[in-house]
Amino acid sequence: LAHRFLEVLHQRTGKLTRLYTQNIDGLDFQCESIPASKIVPVHGTIGKAGCEACGADTDFGAFCALVRANIKDLYRMDPAAPAE
């Protein structure tokens, strides 16, 4: 709900200069009228992926596929994941 309030605030007043968020869920980026350049995810976000060195965005679907194919299944919960 707070995400939508900030979206309305930005639409009606135009006074939103930055949106600092501690949420990692990416909901802030779903507020289409707030430019992504104004959103600062303090602890990162699971809504997009990018290079930590240069900041370049990467395809999120491809990133998820790489993680899925390479992450180790330490608890043996996913038979499709690498065990070692």
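**Exercise 1. Divide the lining of the largest pocket into nonpolar, polar and charged residues.**

Solution. Start with the classes: Ala, Val, Leu, Ile, Met, Phe, Trp, Tyr, Cys and Pro count as nonpolar, Asp, Glu, Lys and Arg as charged, and the others, Gly among them, as polar. Next, list the lining: Ile 24, Pro 41, His 43, Gly 44, Thr 45, Ile 46, Lys 48, Ala 49, Gly 50, Cys 51, Gly 55 and Asp 57. The division is 5 nonpolar, 5 polar and 2 charged. The space in this pocket is about 270 Å³.

The terms rest on a 1 Å grid over the protein atoms alone. A pocket is an open set of points where a 1.4 Å probe fits, with protein on both sides within 12 Å along at least five of seven lines; lining residues have an atom within 4 Å of a point. Grid points are joined across faces, edges and corners, and the volume is the space filled by probe spheres set on the points.

The model is predicted: local features need pLDDT of at least 70, side-chain atom pairs count only at pLDDT 80 or more, and totals for chains, interfaces and linings use all residues. Residues are numbered from 1 along each chain as its sequence is written, and side-chain values use heavy atoms, with hydrogens and water left out.

**Exercise 2. Find the salt bridge and describe its two partners.**

Solution. Apply the rule: a side-chain nitrogen of Lys or Arg within 4 Å of a carboxyl oxygen of Asp or Glu. The count is 1 salt bridge. Arg 4 pairs with Glu 7, and their closest N and O atoms are 2.9 Å apart.

Now place the pair. Glu 7 sits in helix 1 (residues 2-13); helices are DSSP runs of H or I with at least four residues, strands are E runs with at least two, and both are numbered from the N terminus. Arg 4 and Glu 7 are separated by about one helical turn, because they are 3 residues apart in helix 1.

Then check exposure. Buried means under 20% relative accessible area, exposed over 50%, partly exposed in between (1.4 Å probe, protein chains only). Arg 4 has 39%, so this residue is partly exposed. Glu 7 has 12%, so this one is buried.

Last, look beyond the helix. Leaving aside neighbours within four places in sequence, Glu 7 is in contact (heavy atoms within 4.5 Å) with Cys 31, Glu 32, Ser 33 and Ile 34.

**Exercise 3. How many disulfides are there?**

Solution. A disulfide needs a pair of cysteine sulfur atoms within 2.5 Å. The count is 0. Cys 54 is in no disulfide; its nearest cysteine sulfur belongs to Cys 51, 3.7 Å away. Cys 54 is exposed at 59%. Cys 31 is buried at 1%.

**Exercise 4. Where does Val 40 lie, and which residues does it contact?**

Solution. Val 40 is in strand 2 (residues 39-41). At 27% relative accessibility, Val 40 is partly exposed. With neighbours within four places set aside, its contacts are Arg 18, Leu 19, Tyr 20 and Thr 21. Take Arg 18: 22 residues from Val 40 in sequence, 7.1 Å in space, C-alpha to C-alpha.

**Exercise 5. Describe Arg 68 and Leu 66 in helix 2.**

Solution. Arg 68 lies in helix 2 (residues 60-70). Arg 68 is exposed at 52%. Beyond four places in sequence, Arg 68 contacts Asp 78 and Pro 82. Arg 68 and Pro 82 are 14 residues apart in sequence and 8.9 Å apart C-alpha to C-alpha.

Leu 66 also lies in helix 2. Leu 66 is exposed at 53%. Leu 66 and Gly 55 are 11 residues apart in sequence, with 19 Å between their C-alpha atoms.
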